Each structure stands twice: as C-alpha cells, then as structure tokens.
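Hi there,

Here is the structure I promised to pass on to you. Have a look at it first, and then read my notes below.

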Amino acid sequence: MAFDVSAAAKKYLPDALRDIKRLVAIESVQGEAKEGKPFGEGVDRALQEALKISRELGMETANVDGYVGYAQIGEGEKLIGIVGHLDCVPLGEGWEHDPLGGEIVDGVIYGRGVSDDKGPSIAALYAMKILMDSGVKLNSRIRFVFGTNEETGMAGVDYYLAKEGDFDMGFTPDAGFPLCFGEKGGYHGHFSGATNTEGAKVKILSVKGGMAVNVVCDKVVLTCNAGQYAEALKASFVEYAKAADMTCQVEDEGENTLLTLNGKAAHASTPELGVNAISYLMKFVAECELFDSPFAKGYAKVIGLDYSGANCGMKMADEYGELTFNVGIIGGTDFSTYATIDIRYPLTLTAPEFKVKADEMEKTIIQAGLNMDGSGMGKSLYKAPDSPMINALYDAYVKVTQDTVNKPFTMGGGTYAKHFDSIVAFGAGFPNEESGAHMANEHVDVESIQKCMEIYTHALMNLLAL
Ligand SMILES: [Zn+2]
C-alpha cells in the first residue's frame, strides 16, 4: 500500500464530523420551488454549504441549475461517480437530542441526516480528499454528485442524467454494506371505480385509509348511512374482524355509521410482514349483502387479500425473490373510490419485459369493472455479483472490516443506483447497525464514519485500478 489509509481517515475524522454538523444544522426538507431552487430554500442552502465544503477541500465544484451540484477531482476520460443526497425527511417528534444539532454523545452523533445521507456523503467526500493528498495518480475523474431530491421523487438525478449523462462506474452511499447488486423494479398505479350502485341497501359515503403508497395500510375507515340496517351491519363487521383476527371499532356519528378496521403497517417491499386493512375491508364490503359496491367487488376479484399479484396475473419470481404487490392508500366519496398500487418486480426482469405484463394486468383490472387512472414504472437494477466493479467495492469492504460473513445482497427498495446504469448502493449502514433513519434519534457511531472513510478510499483506489 502506497500510504496509510487508516491514519489518513483518523486524521480527517474531526474535520468530517465538523462538516457533517454543518450540513445537519440545515433543515433540508423539500419545500416550495423557487427560481433556481427547484426543491425549495432548505435544500438549496444544504447544496450551497456542501459545495462550499468541497471548495474548502480544494475540489472543483459545479451547480447544475439547483437540481444537484458536484465536486470533482482528477482528470482523464473515465468518470467515477458517487451520488449521495443532502435532502432529508421531516424532523418529526420524539427526539432526545437536537435533530439539527449533530450532538456527539458517547461516541455517537445524533441528528436528522447523520446516517441518511449527510454523514455517509461527507465520509465519501473525505475519501476523495484523502486520495487528493495521497499522491495516488488520479488517472480518472472522480465526481461526487450531491443529490437534493432523494426522499421525494429523485427528480434531481434524472435532471442531472439528462444534462450530464451517466458515469462509467461508481456507487451511492445510501443503503448498507457490504453492497447491493440488485434492486427490484417499481410500478405505481391508481385505479378507481363506482362506490355504490343505485340498488345498494346501505350506501357508502366515504372510505379513507393509508399513510403512503409504499406502506401497507394499517387503518381504514368506512362511513355509511346504514339506517335500519345499522345494528345488523355493525354486528356482522365485528364478527368479520374477529374471524380475521383483526381489531376494529364501530361508532355512530349522527345518522351515520363508522366502521374502522386496523391492520398492520409494513414496507411495501415486504408486504407479507403487514396486514392490509384496505384489502380486508374491501373483502368485507364485497361479501356483505347490505352493500353493493362495484369498486369493492372489482377489488376483491383482482386483488383480494393477496400481496403477490396472483389474482391479476402478476405472480412471478426469480432467484432473488418474488414480485410484491401493495395497495397503500384508499380514498373515496359516495360516488367514486380510488386506491394505489405499488409493485416491486423481480430484478432480473427488464423494464420492457415487465411492461408487457403490466399492460395485461391493467386490462384485467379494467375487465373487473374498474378504471386505470394512471400508472408509471421504473427500471430494475441488476449487476452480476462477480463483475469487476462489484468485486472492487466488496474487496474494499472486506479489507477494512475483515467481514466475510455478510455477503452482497439484493433488495426491494429503490436507491439512486436504479436511475443510473453505472452504479450500485454501497454502504453506509453496517450489518446489524441500527441507525434510526427516517425516525426520531437518527444516529451513527463516530467510529463508523471513520470506517466508511477508509472503505470508500480503498474502493476508489480499486475503481481507479480497473
Ligand atoms: Zn437516503
């Protein structure tokens, strides 16, 4: 080894921690778009600060119209890219430390973004700094792209790709170690249907449930005017919930009856870990003779209680896992009800291959008396686990951690990597390390930041040698 990477990481750790604090102090949640600030004021301030930090480190910087910015070192044809993000989810409640403080207590740094993704981004930026100091010949360009819209749509990197094109290789420090060589493809859709028929004995007035498209719905409320049937309806609903091993509430609100069904939330990429309250409620409505809901009947037919897509012809799998199917949100009036679909399709299936299947599914949904109101899909990501780039990254991880037990993995979630053809997610969470990303008390061990700097430095050296 030409120089001592470990000593260099140790030397720069205090500077890196200071710069993580500078970024954590900025509440970079997406806000109202302004001229030159497409994702709002907070995000733009974080971008300006990150570019300032990069210039302080002696790197060249560019701001790509406020959508992203980048810092660059080295020269040559080949372009190695690292993509992190500066935006964060809202601070939320329940913190025991100042979420904007970057406070360090007993070797742990706390704050929104310290693990997702400001801390890992600074660690990777300092890996570039270590290389600049090292005397290693930078025969390729290494560019750190600061994303600003990861949590709310990833439009920033799409803008970057359209304008600047892809890298030759690289990574995004925004998942876990050792690395992720495959991500399932995604599909989102909206469908709807008539809430009631004229002949229904009990009219549904509204349905509402779900927190997000990508979360299994844990609570749904149906409001109806049950009139003379109210007591029979309530009894039948309570019995249904009991038989399904779910909790429920029945309430009267003036003339109306409210039926609430409780399921269990889970991420849409692992719907089998949840209990979908929407699906169970729609089954009840479809089967209860007091209602006559075309939406619920169509739902029961093409979705039912299933989360594999089996009822609409989408059950499929590859060696890395099954397609998952989730309905996250439902909403409706007495006239029309809509719901959302979140599908994660097998990662070795290409987008055009999946599109053929998705078109057939949409036809099946329409044939069940429902409307498809819109849909969109993204790519899957698959890099052969024995390819040179994957080996280069994995070797860097093993070199620093000596961990050969945890192997490269695949996942249902999506990172920036899926938007590029050239990169994979590499770190920065260590196996079995809980970071509280997106939750209160988000934190990361200071030691992990230092280890990240080391791993990323080795990774960049390995990539330079390819
Ligand atoms: Zn992230």
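**What I found**

The protein chain has 10 helices and 25 strands (DSSP runs numbered from the N terminus: H or I of at least four residues for helices, E of at least two for strands). Its radius of gyration, taken over C-alpha atoms, is 25 Å, close to the 23 Å that the globule rule gives for 466 residues, so the chain is as compact as a globular protein of that length. That rule is 2.2 Å times the number of residues to the power 0.38.

A word on the source: this is a predicted model, where local features need pLDDT of at least 70 and side-chain atom pairs count only at pLDDT 80 or more, while totals for chains, interfaces and linings use all residues. Residues are numbered from 1 along each chain as its sequence is written, and side-chain values use heavy atoms, with hydrogens and water left out.

How do the two domains meet? In domain 1, 9 residues contact 7 residues of domain 2 (heavy atoms within 4.5 Å). About 590 Å² is buried between domain 1 and domain 2, with 61% from carbon and sulfur atoms; this is the accessible area (1.4 Å probe) that two parts lose on being put together, summed over both. Y382, T410 and G412 supply 57% of what domain 1 buries against domain 2, more than any other three residues.

Happy exploring!
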